[in-house]
Each structure stands twice: as C-alpha cells, then as structure tokens.
Amino acid sequence: WIMSIARKGAEEAGRDPSVLKPIVCAPAYVSDDMAKAREQVRWFPAMVSNHVMDLLNRYDESELPPALFEYVKRREFYDYKDHSRVGAAHGEFVDDETCERFCILGTPEQHVEKLKQLEAVGVDQWNVYLRTHGQERTLDLYGEHVIPAFG
C-alpha cells in the first residue's frame, strides 16, 4: 500500500517509480520463548500507532489496509517519556498477533523465514532496531545464523 502511494507520487513528479525500494525496519528478538519475545517488542507497534493515527487523520479507513490500523482502535494513550522502551505501559493495548506481524521474532530459522517472505515482496534492505534486552546476543545470532542464509 505505502509503496503504491510512493510510486504514484514519483510518477506524478516525473521520476522513475521503479527505482524506489522499500526498506523495512523493526525490532528483532531471537528466542524460542515467544511470550518473552513479544514482551521485548510490544513497544514497537505502540510506537508505530502514532504514525498510523496520522494516516487515519489523512486517509479514510477504506483506503488503508485493515491489518495496519485495526489494532490502534484499542489504543488509549501514548506516553513519550517511555518512547521505544521495553515494558512501556502504552504498549499494553498491543496484542500478540500485532507484535508478531510488526516484528521479527522467534528462532533464527523463524527470522530467516520471515525475512525471506519480506524479500519475496520486494524488500531488499532490513534494519534491526536494537531496542530490546540482549542486543549483543541478537547481533551474534544474526551473524551466525540469519545473515548467512542470505549470502
């Protein structure tokens, strides 16, 4: 959806829309304990909800994919003093499914699988937000198991 808007804008500006590439960035947490992994990243969909609210102010819901905005209907507040923090209270409205949709979670094999799904829809750049506990471990596991799957 977003890329179609960007490509249309590029075309209207006389630029080549085919040169636009999506870059995806989100937290990644490697663990076989999915409950723990979701708690490490629940802050991220809560943070993204600020951008989603902006989109809802600009576009009619019918123009947006429901998977993008449905979850913000449960949002009650956002506290910027806890912006991007594991355990932030404003993340309590984010359900487990939304955590899994917006982030890369699970075993190294699950990370590879999700990244390959993103690759299949045209994503060729992935940035990991290291805003979780165990950042060094995440980097080590990515270096050992995830990155080699793409090389």
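Between which two helices does the loop that holds S84 lie? In this predicted model, S84 is found in the loop between α4 (66-69) and α5 (96-102), where helices (H or I, at least four residues) and strands (E, at least two) are DSSP runs, numbered from the N terminus.

The model is predicted, so that local features need pLDDT of at least 70 and side-chain atom pairs count only at pLDDT 80 or more, while totals for chains, interfaces and linings use all residues. Residues are numbered from 1 along each chain as its sequence is written, and side-chain values use heavy atoms, with hydrogens and water left out.

View 1. S84 is buried, with a relative accessible area of 11%, where buried means under 20% relative accessible area, exposed over 50%, and partly exposed in between (1.4 Å probe, protein chains only).

View 2. A disulfide is a covalent bond between the sulfur atoms of two cysteines, and here the term is applied to a pair of cysteine sulfur atoms within 2.5 Å. The structure holds zero disulfides. For C99, the closest cysteine sulfur is that of C103, and because the separation is 6.0 Å, the two are too far apart for a bond.

**View 3. R42 in the loop between α2 (34-41) and α3 (43-58).** R42 is buried, with a relative accessible area of 9%. A polar atom of the R42 side chain lies 2.5 Å from the backbone oxygen of V94; a polar contact is a pair of N or O atoms within 3.5 Å, and within protein one must be able to donate a hydrogen and the other to accept it, with residues adjacent in sequence counting only if both atoms are side-chain atoms. Leaving aside neighbours within four places in sequence, R42 is in contact (heavy atoms within 4.5 Å) with G91, V94, D95, D96 and C99.

**View 4. R38 in helix α2.** R38 is buried, with a relative accessible area of 13%. When residues up to four places away in sequence are not counted, R38 touches D96, C99, E100 and L105. D96 and C99 are also among the contacts of R42.

**View 5. I104 in strand β2 (residues 104-106).** At 1% relative accessibility, I104 counts as buried. I104 and Y29 are 75 residues apart in sequence, and their C-alpha atoms are 6.5 Å apart in space. Not counting residues up to four places away in sequence, I104 touches P27, A28, Y29, H111, K114, L115, L118, W126 and Y142.

**View 6. The packing of helix α6 (residues 108-120) against helix α7 (residues 135-146).** Two packed helices are described by the angle between their axes and the distance between the axes. Helices α6 and α7 pack at an angle of about 70°, with their axes 10 Å apart; axes are lines fitted to C-alpha atoms, for helices over the stretch in contact, and angles run from 0 to 180 degrees between N-to-C directions. That angle makes α6 roughly perpendicular to α7, a description used for 65 to 115 degrees, whereas angles under 35 count as roughly parallel, over 145 as roughly antiparallel and the rest as oblique. P108, H111, V112 and L115 of α6 make the contact with Y142, H145 and V146 of α7. These residues divide into five nonpolar, two polar and no charged, where Ala, Val, Leu, Ile, Met, Phe, Trp, Tyr, Cys and Pro count as nonpolar, Asp, Glu, Lys and Arg as charged, and the others, Gly among them, as polar.

**View 7. T132 in the loop between β3 (125-129) and α7.** T132 counts as buried at 5% relative accessibility. T132 and Y29 are 103 residues apart along the chain, and their C-alpha atoms are separated by 7.3 Å. Leaving aside neighbours within four places in sequence, T132 is in contact with P27, A28, Y29, Q40, V41 and V86.
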